[in-house]
Amino acid sequence: MITSKLPNVGTTIFSVMSQLAADTGAINLSQGFPDFDGPDALREALCRRIMDGFNQYAPSAGLPALRQQVAAKIERSYGRQVNADTEVTITPGATHAIFCAIQAVVRTGDEVIVFDPCYDSYEPSVELAGGRCVHVQLKDGEFSIDWKQLGAALSPKTRMIVINTPHNPSGALITREELDRLAALIRDRDIYLVSDEVYEHLVFDGVKHVSVLAHEELYERAFVISSFGKTYHVTGWKTGYLIAPPALTAEMRKVHQFVAFCGVTPLQWALADFMAACPEHVEELPAFYQAKRDFFCDRLQTSRFTFTRAAGTYFQLVDYSQIRPDLNDVEMSLWMTREHGVASIPPSVFYQSPLPGQRLIRLCFAKREETLRLAAEKLCAI
């Protein structure tokens, strides 16, 4: 009998809910992917690159053309000049980048602080490196860092802290003041930082994303990770990137080359072509998704759900306390999918210890207007 290295890991809730939506014919607002395609010019670039023969291995670190486009975007967005050769790595998805960053620096017996609710790939990555996650709960309701809890969680074994902004599942944002406070807290400690910023361009209401890339002190010890899939509406392309100082990049690439060696070549060429031709895409993205958020939320106003509009990401948390307070969020998500035809995600799966009495579900609004209209009608009828 094999002894599992991840005995507590099963099928993810995202797969479960998407499959249930397919089985029941429900509208899938659970797993975070659009039901519309990426830009025509991007998809045309991919077809062209495939037909023109760009189908063999890319360099392990990623195509130079794409790394240069990423570096240019970072300078435009955050004012930081990064070296495309020594600080930018293209990866087969952001989850791959997170895994490789953790494997690069976490050793047996190390502790890694994560903030609950948190993305479900963090802890298995730490455990496979021989480390242990220390869970610090974000403040209930506002999903901001509890600095007293964070300070108490730090120990001589703390090797890394993982932050996520904009935050999945809440949409909350980390401020510059919070980054300054984090820098002061770990200044004299040998602690690295993973900053999961895959929703970096999905920030609303005129607010600007605050990136670790724009924080001089924190960047010196950070792996900053983002996703082309989220930014260009092509989640199935599973292509992301990692930015880190040269020494950290070199260690991360040692792991990366033996996990996937490189990302898919024609996808990288297509992204490089599109980024060069359409740099305005990322500037237009906040308004594009804010319009979807507002379209959806406006139609939920007459429902019995309560909510505060998400500040970022393409997820909206809604409180169902006035509808079925007798159900926990997993039960609520299953009931809604089977009985009312709308699939959601229960946020408790993002916690080590779910908060008692919390009655929230997560809905994805990265959908066509018709999808959102029909979903809202069903939700308002509950």
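**Helices 3 and 11**

I started with helix 3 (residues 64-78) and helix 11 (residues 265-277), which pack at an angle of about 40° with axes 8 Å apart. The model is a predicted one, where local features need pLDDT of at least 70, side-chain atom pairs count only at pLDDT 80 or more, and totals for chains, interfaces and linings use all residues. Residues are numbered from 1 along each chain as its sequence is written, and side-chain values use heavy atoms, with hydrogens and water left out.

A note on terms: helices (H or I, at least four residues) and strands (E, at least two) are DSSP runs, numbered from the N terminus. Axes are lines fitted to C-alpha atoms, for helices over the stretch in contact, and angles run from 0 to 180 degrees between N-to-C directions.

The angle makes helix 3 oblique to helix 11; angles under 35 degrees count as roughly parallel, over 145 as roughly antiparallel, 65 to 115 as roughly perpendicular and the rest as oblique. Helix 3 passes helix 11 in a left-handed crossing (left-handed if the near helix is turned anticlockwise from the far one by less than a right angle, right-handed if clockwise).

I then listed who touches whom, with contact meaning heavy atoms within 4.5 Å. Helix 3 brings Ala65, Leu66, Gln69, Val70 and Lys73, and helix 11 brings Gln268, Trp269, Leu271, Ala272, Met275 and Ala276. By class, this contact of helix 3 with helix 11 has eight nonpolar, two polar and one charged residues. Here Ala, Val, Leu, Ile, Met, Phe, Trp, Tyr, Cys and Pro count as nonpolar, Asp, Glu, Lys and Arg as charged, and the others, Gly among them, as polar.

**Helices 1 and 13**

Next I looked at helix 1 (residues 13-24) and helix 13 (residues 329-340), whose axes come within 9 Å and cross at roughly 20°. That makes helix 1 roughly parallel to helix 13. Helix 1 passes helix 13 in a right-handed crossing. Met17, Leu20, Ala21 and Thr24 in helix 1 meet Ser333, Leu334, Thr337 and Arg338 in helix 13. I sorted the residues of this contact into four nonpolar, three polar and one charged.

I checked strand 5 for burial and found seven of its seven residues buried, so strand 5 is largely enclosed by the rest of the structure. Buried means under 20% relative accessible area, exposed over 50%, and partly exposed in between (1.4 Å probe, protein chains only).

Strand 5 pairs with strand 3 in the parallel sense over four bridges, and with strand 6, also in the parallel sense, over five bridges. Two strands pair if DSSP finds at least two bridges between them. For isoleucine 113, the bridge partner in strand 5 is isoleucine 161. Methionine 160 stands opposite tyrosine 192 in strand 6.

I looked for cis peptide bonds. One joins aspartate 116 and proline 117, with omega about 5°; proline 117 is found in the loop between strand 3 (111-116) and helix 5 (122-128). The bond from threonine 165 to proline 166 is cis too, with omega near -10°, and proline 166 lies in the loop between strand 5 (158-164) and helix 7 (176-186).

I also noted positive phi values. Aspartate 205 is not a glycine, yet its phi is about 60°. Aspartate 205 sits in the loop between strand 6 (192-196) and helix 8 (216-219), and at 48% relative accessibility it counts as partly exposed. Lysine 238 has a phi near 45° and lies in the loop between helix 9 (228-231) and strand 8 (240-243). Lysine 238 counts as partly exposed at 46% relative accessibility.
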